[in-house]
Structures are given as structure tokens and as C-alpha cells.
Amino acid sequence: MAGLSIRGLTKAFDQVRALDGVDLEVPDGQLVTLLGPSGCGKTTLLRSVAGITDPTEGGIWLGDRRIDGVPPERRNFGMVFQSYALFPHMSVFKNLAFGLEMRRLPRSEIRKRVAQALHLVDMEAMAGRLPRQLSGGQQQRVALARAIVIEPDVLLFDEPLSNLDAKLRDSLRDQLRALQRRLGVTSIYVTHDQVEAMALADEIVIMFSGEIVERGDPVSLYRRPIFRFTAEFLGRTNVIEARLDGDRCRLPWGDERSVENPGIDDPAGVAIRPEDIAISTANGSDPHGEIAERMFLGAGTNYVVDAGGVRVRVNVAGTQNDLIDIGTPVRLTPPKSLHLLRRGRHGSAEALA
Ligand SMILES: Nc1ncnc2c1ncn2[C@@H]1O[C@H](COP(=O)(O)OP(=O)(O)O)[C@@H](O)[C@H]1O
Ligand SMILES: [Mg+2]
């Protein structure tokens with residue numbers, strides 16, 4: 001087993017630079033998710049690693065072996081795509097055996113390995129079926145088994161859960177994560193779904209327009225992103241233009257807070273996650289604003305509050321609180337210390353939503 005190193009990877013199509021000097025390390029056995037809006041170059045990066053696309057510049061290493069230039073079938077990488085891409089006329093067993101027959105393994109070994117791989121994805125009972133006799137989720141589990149049966153050095157996933165309905169997506173996501181951990185295969189997982197990215201990743205890499213915006217483990221990238229783009233793409237956030245004074249800031253509705261990272265260049269505003277701000281009815285004290293919108297979601301309630309001329313999203317978790325009516329004067333309690341975001345070239349991700 002070995003890690004992957006991608007250095008200076010550039011891919012130019014006629015008009016577009018789909019990738020523009022991407023550097024990326026995937027440590028041995030880890031799973032990195034590539035997250036970004038449609039067209040930012042995720043698939044092109046994955047296909048370059050797989051060897052299906054030839055990069056214009058740059059190199060790819062597996063451990064200390066340079067692999068760009070090695071044909072795809074000799075890279076020993078397993079791939080799972082959005083469309084299940086099983087061979088339609090072959091049984092589940094044959095779909096898995098195919099890659100092993102290509103490698104000229106003995107028949108008994110092939111039978112053993114296929115059975116093991118199908119067992120891992122809980123599909124042993126389906127070995128004799130054709131793909132069209134399976135549901136989408138089952139087909140995707142077979143595709144996963146086919147990717148791992150070759151004992152790959154690297155696993156590559158391109159939005160493998162996008163075609164499945166929400167419940168199935170969640171359960172398959174959890175199975176996939178458990179399997180990747182257990183096998184310890186170095187993996188790249190492409191998605192445009194931020195929940196998926198956070199649930200699966202050892203590290204998340206945010207991409208925009210052929211470049212990496214920033215990267216980090218899910219917790220620090222969610223809590224303390226550098227750029228506004230990241231904060232808005234990874235979940236939702238309020239970006240509030242506050243008046244800055246040293247390590248203090250004054251919010252539009254009058255409250256003051258400390259800033260945990262004062263003095264950054266090119267500030268776009270302070271980030272306040274909707275789930276980190278508390279809300280209470282003003283009850284005679286000076287209100288900060290009033291409820292403009294309310295959405296009851298079962299597990300919680302989302303509000304939009306008009307406060308000091310800005311619209312602030314507030315999410316209240318749980319079902320134990322009384323719902324607050326539209327028009328009610330309220331007070332807001334943001335966290336004690338706020339995180340300042342940089343504007344950056346990528347600007348706001350809200351516009352893309
Ligand atoms: N074969 C191709 N020919 C021309 N342009 C392409 C080709 N493949 C991808 N592109 C362009 O490269 C950019 C990145 O595409 P892609 O890697 O598919 O993005 P993503 O997977 O993030 O949606 C897009 O602008 C896309 O239109
Ligand atoms: Mg894509």
C-alpha cells in the first residue's frame with residue numbers, strides 16, 4: 001500500500017483549463033473527498049489519476065513510482081462511477097470475475113475472491129443475477145465489490161451515490177466508509193454533496209474552477225475555513241459584514257463580539273453558522289430584530305430574522321421549543337468569539353446554489 005501524490009496537474013481542453021496546477025497528497029490508506037460545484041474539474045482530476053484522461057502537464061506518483069503514462073489497466077485502481085457501469089450481459093459473478101480472469105488467476109482463487117468481495121457488500125445471494133435484475137442500490141454494491149475484488153492499490157469514486165434516493169444513499173455511504181476503513185485502501189472520492197464529503201473524509205479538498213481553494217479535516221474546515229467560498233459550500237453560514245476594531249467587531253444589530261482571527265487580509269465578514277446562534281423572544285427588552293420567515297423541519301425549525309438591516313438565518317434544533325411566530329420581536333445570541341472569512345477570488349458560493 002502507498003499514498004498518492006499529484007503534482008502540478010494541469011489539463012487543458014480546447015477552450016477551458018479543466019485543471020490548473022493541482023497539487024494533492026492522499027496519504028496511505030486515507031480517504032480524501034474532492035468537493036466543489038459542477039464543472040470545477042473533479043471528474044477530470046479523477047480520470048487523470050485513473051489514466052483515462054491524459055494530463056497536459058504535471059505528474060502522478062503512487063508511493064515513489066511515477067504512474068502517469070502507465071496505461072489504466074496496469075494501474076491496479078478500482079473505480080466506481082455514478083452510473084453503475086456493470087457489464088449488462090454478465091451475471092454478478094461474471095462482472096466480478098472478469099478483472100481477475102484478465103489477470104489470469106486460477107479458477108479456484110477467482111471463486112474464492114469473488115465470494116469474499118460479494119460477502120463484504122452483502123450481495124452473495126445475488127451472484128447469479130444479471131444487473132437489470134437488481135435495484136440501483138444493489139447494482140452500486142456490485143460495482144463496489146467489482147472495484148475491490150482486484151485488491152486495488154487505490155479506489156476512485158465519482159459521485160457513486162448520486163443516482164440513489166436519500167435513505168439508500170445514507171446507508172450505502174455508511175457501508176462504504178466502513179469498508180474503506182477496514183480495507184485501508186488509499187481513496188479519492190468525488191462529490192458535490194457536502195454532507196457526504198464530511199461523513200466520509202479524512203480530508204476534504206474544496207475545488208473551484210480547476211484549482212484547489214483549500215483543504216482540511218472535516219471539523220476544522222467546517223469550523224475555521226479561510227475563505228467565504230468554503231464556509232458557504234460546506235454547509236450554510238451567515239456571512240455578516242461587521243465593523244472591525246482590532247480584535248473586536250460590532251454586529252449590525254448592535255452587539256459586540258471578539259474576533260478569533262483578527263488582522264486577516266481582504267475580510268468578507270464574520271461567519272455565524274445558523275445552528276450556532278440562539279434566538280429568544282424580546283419580551284419587553286430591546287429587540288435585535290424580528291422573525292421574517294419560519295420553516296418547520298421536524299428535527300428542528302429554521303428562521304430568518306431581519307436584524308439591523310441584514311437577514312440572519314437561525315436554525316433551532318429539537319422539537320421542545322415553542323415555535324416563534326413571524327413578526328415577533330426577538331433577540332439574537334451569537335457565539336462569544338467569531339471567525340473572520342477572507343473574500344478570495346472565488347467569492348461567494350451562495351450564488352451557485
Ligand atoms: N472532454 C472534454 N472536452 C472539453 N471540455 C471538457 C471535457 N471534459 C470536461 N471538460 C470541461 O472541463 C471542466 C471540468 O469538467 P469536469 O471535470 O467534468 O467537472 P466536474 O466533475 O467538477 O463537474 C468543465 O468546464 C467541462 O466542461
Ligand atoms: Mg463530474
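Predicted model: local features only at pLDDT ≥ 70, side-chain atom pairs only at ≥ 80, totals over all residues.

The axes of H4 (residues 136–149) and H5 (residues 166–183) cross at roughly 15 degrees and come within 11 Å. Angles under 35 degrees count as roughly parallel, and H4 and H5 are therefore roughly parallel to each other. I noted their crossing as right-handed. For the contact itself, I listed Gly137, Gln140, Leu144 and Ile148 on the H4 side, which meet Leu168, Leu172, Leu176 and Leu183 on the H5 side. Sorted by class, the contact of H4 with H5 has 6 nonpolar and 2 polar residues, with no charged ones.

The axes of H3 and H4 come within 9 Å, and I recorded a crossing of roughly 135 degrees. That angle makes H3 oblique to H4, and H3 passes H4 in a right-handed crossing. Here Arg113, Val114, Ala117, Leu118 and Leu120 of H3 meet Ala145, Ile148 and Val149 of H4.

I then followed H3 to H2. The axes of H2 (residues 92–102) and H3 (residues 107–120) come within 10 Å and cross at roughly 130 degrees, which makes H2 oblique to H3. This crossing of H2 and H3 is right-handed. On H2 I found Phe93, Leu96, Ala97, Leu100 and Glu101, and these meet Ile110, Arg113, Val114, Ala117 and Leu118 on H3. The contact of H2 with H3 has 8 nonpolar and 2 charged residues by class, and no polar ones.

For the ligand, I asked myself which residues are around ligand 1. The list I wrote down is Phe13, Val16, Ala18, Gly36, Ser38, Gly39, Cys40, Gly41, Lys42, Thr43 and Thr44. Helix H1 (residues 42–50) gives the most to this shell, with 3 residues. By class, the shell around ligand 1 has 6 polar residues, 4 nonpolar and 1 charged.

Last, I checked how the chain is divided. The domain assignment gives domain 1 as 4–223, domain 2 as 237–271 + 335–353 and domain 3 as 278–333. Taken over C-alpha atoms, the centres of domain 1 and domain 3 are separated by 42 Å.

Note on methods: Residues numbered from 1 in each chain as written. Chains lettered and ligands numbered in written order. Near = placed C-beta within 6 Å. Helix = DSSP H or I, 4+ residues; strand = E, 2+ residues; numbered from the N terminus. Nonpolar A, V, L, I, M, F, W, Y, C, P; charged D, E, K, R; others polar. Axes fitted to C-alpha atoms, helices over the stretch in contact; angles between N-to-C directions. Parallel < 35°, antiparallel > 145°, perpendicular 65-115°, else oblique. Left-handed = near helix turned anticlockwise from the far one by under 90°. Contact = placed C-beta atoms within 7 Å. Domains from an automatic or database assignment.
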